[in-house]
Amino acid sequence: MSPPLDPALLADDLRAHAFAPPHGTLPLRIGAEVELIPVCAETGAQVPICAESGPCTLPLLREFGLRRGWREEASPYGAPRWVLPDGGVVSYEPGGQIEMAGAAFRSASALIRSLRGTVQALRAEAAERGIVLLSCGIAPEGGVEDVPLQLRAPRYERMTAFLRAIGTGGERMMRQTAAMQVSLDWGPAPLLQWRVLNAIAPYVTAVFASSPVYRGQPTGYHSHRARVWHELDGGRTGILPCGADPIAEYRDFALRAPAILLDGGDEFLPFAEWIARGATLDDWRAHLTTLFPEVRPKGFAEVRAADAVDPAWYAAPLVLLAGIACDGPTLRAAADLLGDPDPALLHRAARDGLGDPPLAAVAADLAELALRGAASLPRGFFSGEDLDEAREFFARYTLRARNPADDVLDALAVGAADG
């Protein structure tokens with residue numbers, strides 16, 4: 001029988017399971033999840049998982065995976081998933097977005113090879129079937145009304161009901177957005193890592209913003225994905241201030257958030273109110289999986305702030321985050337540069353990207369700092385080619401106060417002028 005929940009027990013659980021450093025050897029492990037939005041090459045409409053006619057992605061993944069030795073298995077969400085020979089997993093998001101969760105590696109370059117090799121080959125085969133796999137933050141054509149919920153599991157049914165109840169853009173978040181999430185082991189100073197990663201999250205959004213278009217039109221935001229996430233609200237997004245006791249702070253954040261998975265009918269009460277109703281430790285841990293801050297503690301740090309990144313540039317977000325968070329001296333230098341996390345930066349980063357001069361100046365300093373930190377990591381963690389790729393990305397974009405969204409906007413402007 002589970003012990004009764006109280007604030008001290010929940011803080012201890014977070015300390016033991018969410019924030020605890022691993023007991024393995026260096027270098028630290030790194031992982032990433034990359035999401036792809038499948039759209040019809042002819043119409044730009046999102047492609048479903050299954051369809052009686054027209055393009056769909058389930059036959060694509062089944063046939064592609066069979067040839068590459070993927071193991072198909074049932075998932076709890078109503079659609080299959082595939083386990084790759086190297087331990088990676090390919091699965092679906094609620095709108096039919098395809099997610100590849102790379103295995104955790106002790107080499108960022110091994111992770112990049114795994115992700116890129118799979119995504120590029122899958123893209124090529126999808127193109128032969130009239131499907132384009134987009135690496136951008138939000139589907140640029142069509143609205144959420146054009147994308148039915150593809151995964152009918154209770155988790156997503158409850159989440160949909162909650163999002164409708166609070167009246168935000170949450171359904172767009174579930175069905176139309178795509179991100180690149182980077183996961184890093186906690187090092188010897190997990191709470192300093194936590195503070196720095198929360199502080200850097202708005203800069204990650206600005207540097208990798210790639211979604212300025214929605215419903216076929218510019219939105220005024222470089223990352224419309226981030227805007228949609230910030231609209232979600234409901235007490236489960238954003239960055240945390242990281243004050244004197246970050247673990248208690250995250251516990252209280254989680255306690256205030258409405259419990260989606262516990263069945264209160266049409267009422268979504270804060271988890272704190274479920275404690276008196278007999279909520280268990282298992283309920284608490286399941287509740288934590290429904291929180292979507294920019295940095296999520298899961299026994300490692302999951303940084304969720306970047307729009308989906310093109311495979312050509314996978315090294316750049318890994319260098320930016322691992323170069324800063326996994327090298328002790330660089331981590332401390334970044335803490336001095338960034339100061340305390342500033343939730344107000346999230347809106348500016350999503351709207352203006354690196355067109356915000358103060359934000360752009362700090363982002364350029366972070367890029368230089370990250371390159372030095374990445375080069376200091378254990379031999380083989382980053383190959384010279386991957387460091388060069390990140391350096392090229394920063395030179396092309398970050399050091400010029402640009403991001404991939406600016407390329408999209410420039411192309412639209414040229415098209416409008418030609419038209």
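## The second largest pocket

In this predicted model, the second largest pocket holds about 380 Å³ of space, a pocket being, on a 1 Å grid over the protein atoms alone, an open set of points with protein on both sides within 12 Å along at least five of seven lines. Its lining, meaning residues with an atom within 4 Å of a point, is made of 22 residues, of which Ser135, Cys136, Ser210, Pro404 and Val408 lie nearest the centre of the pocket. Helix 16 (residues 404-418) provides the largest share of this lining, four residues. Divided by class, the lining of the second largest pocket has 15 nonpolar, four polar and three charged residues, where Ala, Val, Leu, Ile, Met, Phe, Trp, Tyr, Cys and Pro count as nonpolar, Asp, Glu, Lys and Arg as charged, and the others, Gly among them, as polar.

Because the model is predicted, local features need pLDDT of at least 70 and side-chain atom pairs count only at pLDDT 80 or more, while totals for chains, interfaces and linings use all residues. Residues are numbered from 1 along each chain as its sequence is written, and side-chain values use heavy atoms, with hydrogens and water left out.

## The largest pocket

The largest pocket has a volume of about 1,100 Å³, a volume being the space filled by probe spheres set on grid points that are joined across faces, edges and corners. There are 44 residues in the lining of the largest pocket, and those nearest its centre are Glu33, Arg155, Thr289, Arg296 and Lys298. The lining of this pocket comprises 22 nonpolar, eight polar and 14 charged residues.

Rolling a probe the size of a water molecule over the atoms shows where empty space is left. The structure holds two cavities of 30 Å³ or more, a cavity being a set of points where a 1.4 Å probe fits but cannot get out. The largest cavity, with a volume of about 40 Å³, is lined by Leu36, Val90, Ile98, Glu99, Met100, Thr118, Val119 and Leu122. Strand 5 (98-101) and helix 3 (108-128) are the elements that give two or more residues to this lining, in which six residues are nonpolar, one is polar and one is charged.

The second largest cavity contains about 30 Å³ of space, and its lining consists of Val34, Glu35, Leu36, Ser135, Ala179, Met180, Ala308, Val309 and Tyr314. Seven residues of the lining of the second largest cavity are nonpolar, one is polar and one is charged.

## Antiparallel helix pairs

Two packed helices are described by the angle between their axes and the distance between the axes. Helix 6 (residues 190-208) packs against helix 11 (residues 315-325) at an angle of about 155°, with the axes 11 Å apart; helices are DSSP runs (H or I, at least four residues) and strands likewise (E, at least two), numbered from the N terminus. Axes are lines fitted to C-alpha atoms, for helices over the stretch in contact, and angles run from 0 to 180 degrees between N-to-C directions. Helix 6 is therefore roughly antiparallel to helix 11, given that angles over 145 degrees count as roughly antiparallel. The contact (heavy atoms within 4.5 Å) involves Gln193, Val196, Leu197, Ile200, Val204 and Phe208 of helix 6, together with Ala316, Pro317, Leu320, Leu321, Ile324 and Ala325 of helix 11. Eleven of the contact residues are nonpolar, one is polar and none is charged.

Helix 14 (residues 357-376) and helix 15 (residues 384-396) have axes that come within 11 Å and cross at roughly 175°, so these two helices are also roughly antiparallel to each other. Ala367, Leu371, Ala374 and Ala375 of helix 14 meet Leu387, Ala390, Arg391 and Phe394 of helix 15, a contact with seven nonpolar, no polar and one charged residues.

## A perpendicular helix pair

Helix 8 (residues 246-256) and helix 10 (residues 281-288) pack at an angle of about 90°, with their axes 10 Å apart. The two are therefore roughly perpendicular to each other, a term for angles of 65 to 115 degrees. Tyr250, Arg251, Ala254 and Leu255 in helix 8 meet Trp284, His287 and Leu288 in helix 10, and the contact has five nonpolar, one polar and one charged residues.

Conventions: Parallel < 35°, antiparallel > 145°, perpendicular 65-115°, else oblique.
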